[in-house]
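Here are my notes on the model, as numbered points. Please read them with the structure open beside you.

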Amino acid sequence: MPAILEEISTFRDDYSEGAHPAILAALLESNRTQERPYGADEHSNAARRLICARLGCSPSEAAIHFVPSGTAANRLCIAACLRPFEAVITLDAGHIVAKEAGAIENTGHKTILVPPERHTGKLVPAGIEKAVAQHSFHPHSPRPRLVYLSNASENGTVYSRSELHALSATCRRLNLLLMIDGARLGVALRSPAAQGLTLRDLFQLTDLFWIGGTKCGALLGEAIVVRNRVIADDFILHLKQHGALLAKGRVLGVQFEELFKDPTPSSSSSSSSSEDCLYFRLADHANEMARRIGSLFESRGYALAAPVQSNLLFVAVPRSLADRLGERFGVYVWEEREEDVVVRLVTSWATEKLQVDKLAAWLESIECVVD
């Protein structure tokens with residue numbers, strides 16, 4: 001990993017750094033070439049071919065569009081899927097519910113809120129079935145049509161291959177579309193908890209999903225993958241109407257081309273990370289740093305609020321320690337409890353082992369020892 005300036009040592013999020021040096025180099029190298037606008041450039045087309053290879057399909061089988069942000073991706077996908085009287089089923093803690101300033105409601109569509117499974121924080125088939133049953137008062141209820149979930153979830157847990165198979169089967173049985181918010185899809189797919197889930201699986205099990213670049217080494221950008229042909233046919237018109245069809249679409253295409261191009265073996269890379277593309281190598285690194293931090297807190301007697309399955313980890317600590325952690329490392333208080341609080345720490349492609357070591361030394365220096 002590249003050296004990070006010493007003053008940058010927070011665990012606030014996975015998008016405070018700029019971009020991986022290889023992506024910056026690719027942007028600079030392609031800067032003076034003239035390309036076609038609006039995503040029709042050679043770099044965007046090359047990125048589409050590389051992603052299709054991962055999906056195990058031809059470019060004609062998948063519509064792939066690059067957009068600047070996750071909120072844009074969610075808004076576009078949901079607007080493209082739903083008619084005016086149709087609704088989206090989502091967890092009550094879903095990103096589109098509390099973190100996007102009402103962007104989905106602004107499209108004119110209702111969000112049907114479902115509580116998560118208690119121990120995992122994930123959406124399960126029973127929740128979908130109950131939501132559909134509760135909104136079947138035709139013609140008075142909005143019609144449930146789309147199921148939204150994020151992988152990794154808001155609390156860092158990861159959907160396994162078997163869980164997504166069950167969700168997909170439920171959606172198809174109930175005539176629902178299935179969409180996945182992939183802001184942190186890289187770390188989710190590389191988690192052992194995913195049980196070998198692949199991009200190919202996602203392509204087969206969903207109607208559309210998106211691959212997050214902003215939180216996995218890109219300067220900005222997400223790649224929307226649409227399998228459902230009815231949705232795909234007019235999708236570019238939704239991009240244009242919502243201001244997400246960039247004239248300089250090449251800026252996004254170059255980055256995804258770099259993230260997904262064939263790996264270049266390096267003698268300095270570990271055997272586990274040198275065999276895959278940059279996107280998944282960066283995800284592997286973020287996951288490994290999160291596991292190190294989780295082990296660090298556990299070794300000092302602090303309980304993890306949930307198993308570390310991705311680059312998000314949640315630790316229960318005393319309020320006094322939470323305040324000091326926030327001041328020194330920029331962590332968020334995620335949950336207030338009677339006897340302690342849960343703080344969230346996030347690792348990224350740029351998190352160095354040195355940063356983890358600094359956290360360990362800081363904890364030791366203030367004698368955070370639990371009896």
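1. Start with Ala-101. This residue is exposed, with a relative accessible area of 84%. (Exposed means over 50% relative accessible area, buried means under 20%, and partly exposed is in between, with a 1.4 Å probe and protein chains only.) Ala-101 sits in the loop between helix H4 (95-98) and strand S3 (111-114). Its phi is positive, about 55 degrees, although Ala-101 is not a glycine. (Helices, H or I of at least four residues, and strands, E of at least two, are DSSP runs numbered from the N terminus.)

2. A word on the source. This is a predicted model, where local features need pLDDT of at least 70, side-chain atom pairs count only at pLDDT 80 or more, and totals for chains, interfaces and linings use all residues. Residues are numbered from 1 along each chain as its sequence is written, and side-chain values use heavy atoms, with hydrogens and water left out.

3. Now look at Tyr-38. Tyr-38 also has a positive phi of about 55 degrees, and it is not a glycine. It lies in the loop between helix H1 (21-29) and helix H2 (42-55). Is Tyr-38 buried or partly exposed? Tyr-38 is partly exposed, with a relative accessible area of 40%.

4. Check two peptide bonds. The bond from His-138 to Pro-139 is cis, with omega near 0 degrees. Pro-139 is in the loop between helix H5 (125-134) and strand S4 (143-150). The bond from Asn-151 to Ala-152 is cis too, with omega near 5 degrees. Ala-152 belongs to the loop between S4 and helix H6 (161-173).

5. Next, the domains. The chain is divided into domain 1 (21-260) and domain 2 (278-365). (These bounds come from an automatic or database domain assignment.) How far apart are the C-alpha centres of domain 1 and domain 2? They lie 27 Å apart. The contact between the domains takes 29 residues from domain 1 and 18 residues from domain 2. (Contact means heavy atoms within 4.5 Å.)

6. Then the cores. The largest nonpolar core has 62 residues. (Such a core is a set of buried Ala, Val, Leu, Ile, Met, Phe, Trp, Tyr and Cys residues joined through side-chain atoms within 4.5 Å.) Ile-51, Leu-55, Leu-199, Phe-209, Ile-211 and Phe-260 have the most contacts inside it. Helix H12 (residues 278-299) gives the most to this core, with 6 residues. Why does this core lie between domain 1 and domain 2? Both domains give residues to it, so it lies between them. A second, separate core has 28 residues, including Cys-77, Cys-81, Met-179 and Ile-231.

7. Zoom in on Ile-51. Leaving out residues up to four places away in sequence, Ile-51 touches Ile-64, Phe-66, Ile-211, Ala-223, Val-225, Phe-256 and Phe-260.

8. Thr-347 deserves a look. It is in the loop between strand S10 (341-346) and helix H14 (353-365). Thr-347 is buried, with a relative accessible area of 0%. A polar atom of its side chain lies 2.7 Å from the backbone oxygen of Ala-286. Beyond four places in sequence, Thr-347 touches residues including Phe-11, Asp-14, Ala-286 and Asn-311.

9. Turn to the rings. There are 8 aromatic pairs. (Rings of Phe, Tyr and Trp, the last by its six-membered ring, pair if their centres lie within 6.5 Å; planes under 30 degrees apart count as stacked, over 60 as edge-to-face and the rest as tilted.) Tyr-279 and Phe-280 form an edge-to-face pair, 5.3 Å centre to centre, with 75 degrees between the planes. Tyr-279 is buried at 1% relative accessibility, and Phe-280 is buried at 5%. Phe-11, Phe-329 and Trp-362 form one aromatic cluster.

10. Charges meet rings as well. The charged end of Arg-328 sits over the ring of Phe-329, 4.5 Å from its centre. The charged end of Lys-122 sits over the ring of Tyr-159, 5.5 Å from its centre. (This needs NZ of Lys or CZ of Arg within 6 Å of the ring centre and within 35 degrees of the ring normal.)

11. Last, Val-317. This residue is in strand S8 (residues 312-317). Val-317 and Phe-11 are 306 residues apart in sequence and 16 Å apart in space, C-alpha to C-alpha.

Notes: Polar contact = N/O pair within 3.5 Å; in protein donor to acceptor, adjacent residues only side chain to side chain. Domains from an automatic or database assignment.
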